[in-house]
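Please keep the sequence and the 3D view open while going through the numbered points.

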Amino acid sequence: MGMKMRAAILTSSDSGYAGQREDLSGPVIREILERNGYEVVHTVLLPDDRKMLAAEMARIADEGVAELLLTTGGTGFSPRDCMPEATADIIERAVPGIPEAIRAYSMTITPRAMLSRASAGIRKSTLIVNLPGSPKAVRESLEYMTPALRHGLEILTGEAANCAR
């Protein structure tokens, strides 16, 4: 294994931001990432505000804070859910395969997985992936996708030159 990849976690929750609800998903992300050799260098909890979320994601990527930015929350049907839109506002290249794979896998667990609006994309040298808001769904999604992430990040950061084995 090459360089230690840095990760950032952004939780989107109006009630969490207001101090009315504990963020349970962010700590699940941290635990899984650290178990898989990632260094969590930044965590933040923001309200479901498209401009605030987009600005923080752009800052993390533009300042090179982390190679991987995982978001949790804001991917559902609530009128305030805006994480996929905030992500689309700032990415330079879409990576549709990641949320498609997560949804396909999650559909084997619950048909409600089809309701996820999560997206993923790249800005500069940062991969941004939207995860669900529930701790259970975060755990299932992240444990499923983590084995494939490292190779993509190595290509993105130039640590690996191509996809050949």
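**Notes on contacts, sheet and pockets**

1. A salt bridge joins the side chains of R117 and E85, with 2.5 Å between N and O. This is a predicted model, and the distance should be read with that in mind. Because R117 lies in the loop between α5 and β5 (120-123) while E85 belongs to helix α4 (residues 83-90), the pair ties together parts that are 32 residues apart in sequence. Both partners are partly exposed, R117 with a relative accessibility of 26% and E85 with one of 25%.

2. The count of salt bridges in the model comes to 16, and a few others deserve a look. K136 and E140 meet through their side chains at 2.5 Å, N to O, and since these two residues are four apart in helix α6, about one helical turn separates them. K136 counts as exposed, at 54% relative accessibility.

3. R59 and E63 also form a salt bridge between their side chains, here at 2.8 Å from N to O. In this pair R59 is partly exposed, at 27% relative accessibility, whereas E63, at 54%, counts as exposed. Beyond such pairs, salt bridges link E31, R35, R139 and E143 in a network.

4. How many aromatic pairs does a search of the whole structure find? The search finds one. The ring centres of Y105 and Y144 lie 4.3 Å apart and their planes meet at 5°, so the pair is stacked; the cut-off behind this word is an angle under 30 degrees. The pair links distant parts of the chain, as Y105 sits in helix α5 (residues 97-107) and Y144 in helix α6 (residues 135-157), 39 residues apart. Y105 is partly exposed, with a relative accessible area of 30%, and Y144 is likewise partly exposed, at 39% relative accessibility.

5. Turning to the strands, six of them form an open sheet with mixed pairing, and their order is β2-β1-β3-β6-β5-β4. The edges are β2 (39-46) and β4 (93-94), each of which pairs on one side only. Within the sheet, strand β3 (residues 68-72) runs parallel to strand β6 (residues 126-131), and five bridges make up their pairing.

6. The largest pocket has a volume of about 440 Å³. Its lining consists of 20 residues, and those closest to the centre of the pocket are R112, A113, S116, P132 and A137. By residue class, the lining of the largest pocket holds seven nonpolar, nine polar and four charged residues.

7. Where does the second largest pocket have its centre, in terms of the residues that lie nearest? These residues are S13, R21, S25, G133 and S134, from a lining of 20. The elements that give two or more residues to this lining are β1 (6-12) and α1 (14-17), and α1 gives the most, with three residues. The second largest pocket contains about 330 Å³ of space, and its lining divides into three nonpolar, 11 polar and six charged residues.

Technical notes: Residues numbered from 1 in each chain as written. Predicted model: local features only at pLDDT ≥ 70, side-chain atom pairs only at ≥ 80, totals over all residues. Heavy atoms only, no water. Phe/Tyr/Trp six-rings, centres within 6.5 Å; stacked < 30°, edge-to-face > 60°. Buried < 20%, exposed > 50% of the residue type's maximum accessible area, 1.4 Å probe, protein only. 1 Å grid on protein atoms, 1.4 Å probe; cavity = no way out; pocket = protein on both sides within 12 Å on 5 of 7 lines; lining within 4 Å. Points joined across faces, edges and corners; volume = space filled by probe spheres on them. Nonpolar A, V, L, I, M, F, W, Y, C, P; charged D, E, K, R; others polar. Pairing = 2+ DSSP bridges. Salt bridge = Lys/Arg side-chain N within 4 Å of Asp/Glu carboxyl O.
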